Structure formats: structure tokens, C-alpha cells
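Welcome! Open your viewer, load the structure, and let us walk through it together, one selection at a time.

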Amino acid sequence: MDLLRSQTAKTILLLGSLSGAFILFTGAVGMIAAFHEREVVDRFISLGQLLLIIAPFVTGYYAAGKLRALGEDSPVLLIGGITIGIMTAAPSVILLLFNSDEFRFLLDLTLRLIPFAAASIFAWRLHRAGSETQMAIAVWLVVAVLVGIVTFSFALIFEIKGDLRSVLVNINREWVDVVTFDNRKDLARGIGAFSLISVVAGFAGSILYLMPNLPRRALIYGLGVTVLVGAFGETVRLILQENIDRDTLKEIFRRDTLRQNAALALFIISTVAGFLWAMFGRQARESFHSINVSQRRSLNIIGLVIFVVFMLALPWLIGRTLSDVAVTIGIFVLMGLGLNIAIGLAGLLDLGYVTNYAVGAYILAVLTSIGPLGLFKGTFTFWMVIPLALLAAMFAGFIFAVPVLRMRGDYLAIATLGFGEIIGKLAISDWLKPLIGGAQGVQAIPKPILLGAELKNPEQLYYIVLVASLVCLFVSIRLNNSRTGRQWMAIREDEDVATAMGIDTARAKLLAFTLSAATGGVAGAIFAAKVGTVFPNSFTVFISINVLSLIIVGGIASNPGIVVGAIVLIGMPELLREFSEFRFLLYGALLILMMIKRPQGLIPSKIVTHEVRTGVKPKLAGAE
Amino acid sequence: MALLEVSEIHTYYGNIHALKGVSFEVDSGEIIALIGANGAGKTTTLRTISGLMEPREGAVIYEGEDISSTRADLLVAKGISMVPEGRGVFAKLTVEENLDMGAYVRRDGDIKDDLKNAYSLFPRLEERKKQFAGTLSGGEQQMLAIARALMSKPRLLLLDEPSMGLAPVLVDGVFETVQRIASEGVTILLVEQNAHMALQIADRGYVLQSGEVAISDTAANLQQNETVQKTYLGID
């Protein structure tokens, strides 16, 4: 009993249950089965199976760190890893048993035992707390009857339907196939394989922790690269396809999956590279820091040139499909930079940003379309309408800002959320149908034409987005240190004091909303030109939420953060399209994880870093 | 003519009648202290003068012009600057950025010189100019708030409880600074609960009681006044 109460045991049990719950949960929502569809290494391991291994492995590694911090010895760490492996598999194994014909009676038995167990625990605790024996017995009876009724109804449901699937729809054949590593017929073997792999993974996790620093870092690097390349096999193949010949590609990939030899080679290469980096990386960084300022400046310029060339060459390196993803990311970068003016600089929580996106898209659609709804049938070109879309969005931003000027914080957020909904409803309404087509939307939007050439492919549209984003980034950076930017920051900090500084807060807020809307309009127009049609269902509240999330994940008020946030939140789901039903689940999990581990965002701005760690003295700005 | 003339102002918070006909005058170059207990209407008076609130009746006349319904941000350009209660520095801007904000309404080219002046008045701020204002100590934040208010080159400086929440040692320093600013020709209207210190540096004082001016006299006389001694100075 004392052993169970020790901090060590608590840590192991807690982490083990978490890992077990994770595997059980992802199985029950169907993620494991869905992820099984994508193979990481050809005929060796799928993404779903990888999930089963990664959970105990990572938890084992993490637990080893925790246990070491508690002062435990290496054997305890290893035992911890093994325990976590067992605990990871246990809940799913129990579910497997409940689900099998031979052991169904276990489920019945458990359901019948639950009321007695629950009642006994209650009564025991009461007794321990000093209650009268009669009282404890009375409580025992009441709890047993109540819980009994609930479990009895459950049992009834199972009896009628005959299996667990009536309640847990995803505990199905596919799930069983994955967790038993394709031993559905021979359950004992399947459970054995599953448990063994889980235990080995947990053990391996703790061993990895115990390794000396150099090989450990090298291994983490090698495993990470291999798993990422495998998981994003399709993306990697698309990139390689543009740059190497077909036969070599066939050696590496079987369709979208990494071949076993290729995976092994990749693992070895990346581990060696990781080893070299771990050994010499610090030296390299130190020598970079020790060189003098002018040399460093020229190195920076070289870096910038390489970056620019890379950005310009990107569509030809990554091919059509990924260029399309890049354009989508760019559209969201544009919106992120715009919304950041309202949220990051002026502190105005705008949840209706989709409004500006919709206005931009519809303006472009109606003015340039050559279909029945086009007002001018091709008289106006993309380039003429872009400034109009920008102005129209700014006007919309201005109009919507006027009534909410006096609101602050949560009230502002709710009001803007409402405006976003209004736009969606207007777009689909019968009232505006003659103009913007209602649910049918506007079709036949021509592609932009530049110097006589039609920019019809994503590779070409990419450059429009790139230029627009760069312009926007430039304006954004300049605003940060301008009089205008400062007045917004002052309002964000304290509206009353800002007024006392002589700032006209109403004007400043109007300006923030209006400017913030501008890039949304451009983004919408580019989106409309890219897709060629505009439908109302493209403009839902999820656009606003996506833009807001990418700002939060990247780092509020941080321009590079917004770019990274867009790549992570918009790019990744595009690449993992087949798992799109789990998109928001992953979004939610990612956001919660961010709030716990990195509330300041991936690339935080100086100010937010300070805000999050109040009490810690911030690094002096501009100090070496 | 008085620089600032407050005549018979009535200010309300909703239905609550906070100021019931407050009148007083501030002459150019004076230090005037408004003292009174909690809830007497001191801060409300300052907020009414600075334009954050509007009086329902009465007038605030500054340099011969009625400013009762002029917006707060416009008054800064007219030369009225306020140091709000609780200091109100922009915690997440650096010290220097805070000072820059103080000069927000100015468009002349002398801001750099005034920044130097501010640093010579408060050397501590220069040492910490790149630091976030939120990381300063209470006393330093108060100095920053005052320095920031001076950056708009005010003719009238409104100080709301500058000694609040400061250690006694620092309070002396703050009042010394206020005197020094006044000696450079800035008129000062000081709202204080610390009546003892306020009356020591003030020329004249007004005692507010439940939204009305109860006593008005020179600071020296007020210090001798029996009621004031009993109620605000803690002398029996």
C-alpha cells in the first residue's frame, strides 16, 4: 500500500493511464482505424499502428524524465517504461475481450459487478470517514440499486444488439485488425502481439532516455525524420517527382509509401546527420556568433538571397498539388496578417473576420465573372478589381466597426461573431440571389491575365499570393513601429490612459478595423480567382476561427509566427486530407497542448513572451 | 485671470450625484491640493476636468475657454496632461516607448530634447529605458507616469494620488519632484489622500467632502485649521 502511495508509483500510474486512455479514445473515435489506411513504411507499419507504438514510447520517455527528477535509479526507470507499456495496452485489451465471442461473458460479469463494487467503495469510504455501520449499509444498498439500474440497462442494450458496436460504433473489425496486428482470427495471439509491442515500446522509450546525450539526440532525430517522411509520404513523393527521375523514385516509393529499404536508408542517414549535428552543431553556432558584425551581416544577406530565390523557385520545386496548398496557406497568411492588426496590435478581438473575406470574394466574382451573374462580362480584369475588393472590404470593416466602437473585450467578440454570421446568411439569402446567386453562387470567374498570359495554374497564382503577402508583411512590420501602431498598442494596454495621452480612441479603433479588413478583401479576391467559383458555404465561421487559431498558435503580434501558424494549421490539414474528419479534434488537442506547453505561441513576439512569464525579467531589447 | 476655473460642476455616475457644485480656481504657476476622504469626489473632479467625464451642470473654464464637453484626447493638445490614478503606465511597452506615447500629440521636432530633459529629471528611467515598464518598481512607475505626462509639454498637470501604494521613502521623492516641476513653471493640480505631504508643497488647498468644497484656504492656514488637523492630518 505504501508503495502505491509513493510519488514514483503515482507518476507511473498516472502517465500509464493517460497513455492507455489515449489509445482507447483514439480507437473509439475511429482514428486508429482511419490512420491505418495510410502506410508509413511499405508492408511494414501503418500510421495507425505507429500511433499504438508512439503512445507508450513517448510516455515511457517522458516518464523516465519525471522519475529521474524524483531521484529514482535506472532500473526503476526501466520498470516504469514496462509498466507504462502494459497500462497503455490494458484498456484496449479489455475492450478487445469484451468484444470477442468467447469472452463476452466478462462484459456481462463486469456490468453486474460494477454496482457492487461502486457501492462497496462508497460504503468503505464512509466507514473509514467514521460513519455509523448502519449508515454505511444503507448507503451501500442505495448506491448498489442506483448503479445497478444503469448497468442493467446497458447490459440489456448489449444483449439485444449482441455486440459493443451498438454503443461504440468504431470498435469494429477494422479496429480489431489494427490493434491485434492482423490477428483477428486468433485473439490470444493478437492480444499477445499488441501487449508485447506496447511493452517493448514503453521499455524502448525509457532506454532512449537512459542513453548518453549524443546517440540519444541522433536517434530522436533519425526516428523523427523517418516517421515524418513516412507519414507525409505522398507530399514527399510529390516534391521528389519534380526533381528526380521516375526510376529512382520507384526505388524509393511504392505508390505513396516509403519502401522498406528506403526507410532504412533514410533512418541511417538522418541518424548519422543528427549525430554530426549534435556533435558539431554547437561549434557551428558558436563560430557564427563569434564572427564580427560586418561578416555576419553579409552572411545574413546571403541567407536572405537564398531565401528569396527559394521562395521564387518554390512552385517548380514542389509541383502542382503542393503549389495549390501553398496558395491556400498564402491566402491565410494574408488574412492572419490583417486580423493581427485588430487582435495583436489594437487588442480588438474580432471573430467576424470572414466578413471581409466574403466581401472581397464576391466583389471579384460579380465584377469579373463572364457567367450570367457577371455585371460587366469581362470588362473588368482581375488587376482592376483587386484594389476595388480591398476598398470594399475596408468599407465593410468600417461599417461593421461603427456600431461596436464602444464595446470592449468579450462583448466585442460576440458582436463581431454575429456580423460574421450575418454575412453568411446574406450570401445565401433569396434577397441577394439576383445579384450573387444565393446557394448557387457565382460561376465562371476568369483567371488573372498577366502580360497576355493566363495565370491558370496554382504555380502561377502562387506568385500573386507571394507578392501580396510580402507587401502586407512589409506594411505590418512598418506599422509595428509607427505612431499609428503605437497608438493601437496604447489602446490595447489601457484605453483610458491612451485617451489621457491624447489619442482619439474611437478613430484609432476604426482605423484598426478598417486596415485589418483590407487584406481579408484581397485574400477573398485571390481565393475567388483561384477557385473560379464562389459559394456561400465557403464563408463560414470556421474561416474566422481558423485565422484566429493560426494567430494564436503562431504567436500573437508576431509576423513570422503568423506565417508558421498558417503552415501548421492550414498546410498540415491540407496534406492530411484523408483524415479531415478528425481535423477539428486535432485542432482542439493542438490548441490545448499549446495553451499548456507554449501559451506564447510558436514564434512569440517579445511583448507576449514577457506577458506570459510575468515575474521573469525580460531580455533587454536591443541588448547583445 | 485664472488658468483653470471650475465653477459649480455637478457630475453624475448614472443616477449617483458625485459632485454637487464644486467650484475652485487654479492660477498659473500654483500648486493646488485637493484633499478629502475616500469617495469625497477628488478623482471625479479630476476626471471631469480632464474630459473623461462630462459635468451635467456647471463649467470648466481653461484659459478663458469652456472645456466642459471637450473630449479628453483633445485637451492634451491644449496643454492639460493627467497622471492617472494607479500610475497607468503601459506595462508591455518599454520605458522609452511610454515616454514617446506621452509626446503623442506633438508634431514638433523638439521631442528628442524633451526626452533628454525627462532623463535628466529621472536618471533612473534612462538606466531602464529599454526595459518593459511593467518590470519597474512602484516608485519608478510613478516617475515614469509623471515623466510621460510632461512629454506633452503641459501647462497644467493633473496628478491623481501620486503617493498611492508607495513606500514612505519614495513618497518624499515624488513630492520633491512635483515641486521641481512646478518651479519650472508647470501649474499643478494635485489630488491626494496624503493631506500632510500635499499641504506641505501646495500653495493653496481645497478640502472636498461628499462632493462639495468644504474648506478652501492657503496651504499654511489649512495645516493650522482644527478640522483639517483632526480629520485629515491625524492631529488631535
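Which strands of chain B does helix α7 lie across? This is a predicted model, so keep that in mind as you look around. Select residues 168–183 of chain B to bring up helix α7. The helix lies across β3, β7 and β8 of chain B, and its direction makes an angle of about 155 degrees with β8(B).

**Stop 1: the sheet under the helix**

Now show the strands of chain B. Six of them form an open sheet, in the order β6-β7-β8-β3-β9-β10, with mixed pairing. Look for the edges: β6 and β10 (212–218) of chain B each pair on one side only. Turn the view slowly and compare the strand directions. Neighbouring strands in this sheet are turned against each other by 15 degrees on average, direction ignored.

**Stop 2: one pair of strands**

Zoom in on residues 31–36 and 187–192 of chain B, which are β3 and β8. These two strands pair in the parallel sense, over five bridges.

**Stop 3**

Begin with the second largest cavity, which holds about 70 Å³ of space. Select Ala500(A) together with residues of chain B, including Ser50(B), Leu52(B), Ala72(B), Leu75(B) and Leu158(B), to see part of the lining. In chain B, α2 (72–78) and β6 (80–83) each supply at least two lining residues. Colour chain B by domain as well: domain 1 (1–72 + 177–236) and domain 2 (80–153) each give at least three residues to this lining. By class, the lining has eight nonpolar residues, two polar ones and no charged ones.

**Stop 4: the largest cavity**

Move on to chain A and select Asp350(A), Gly352(A), Gly397(A), Phe400(A) and Phe513(A). Of the 14 residues that line the largest cavity, these lie nearest its centre. The elements that each give two or more residues to this lining are α15 (354–368), α16 (382–404), α17 (409–428) and α22 (505–531) of chain A. Which of them gives the most? The answer is α16(A), with five residues. The space inside comes to about 110 Å³. Colour the lining by class and you will find seven nonpolar, six polar and one charged residues.

Terms used
Residues are numbered from 1 along each chain as its sequence is written. Chains are lettered from A and ligands numbered from 1 in the order in which they are written. This is a predicted model: local features need pLDDT of at least 70, side-chain atom pairs count only at pLDDT 80 or more; totals for chains, interfaces and linings use all residues. Side-chain values use heavy atoms; hydrogens and water are left out. On a 1 Å grid over the protein atoms alone, a cavity is a set of points where a 1.4 Å probe fits but cannot get out, and a pocket is an open set with protein on both sides within 12 Å along at least five of seven lines; lining residues have an atom within 4 Å of a point. Grid points are joined across faces, edges and corners, and a volume is the space filled by probe spheres set on the points. Helices (H or I, at least four residues) and strands (E, at least two) are DSSP runs, numbered from the N terminus. Ala, Val, Leu, Ile, Met, Phe, Trp, Tyr, Cys and Pro count as nonpolar, Asp, Glu, Lys and Arg as charged, and the others, Gly among them, as polar. Domain bounds come from an automatic or database domain assignment. Two strands pair if DSSP finds at least two bridges between them. Axes are lines fitted to C-alpha atoms, for helices over the stretch in contact, and angles run from 0 to 180 degrees between N-to-C directions. Contact means heavy atoms within 4.5 Å.
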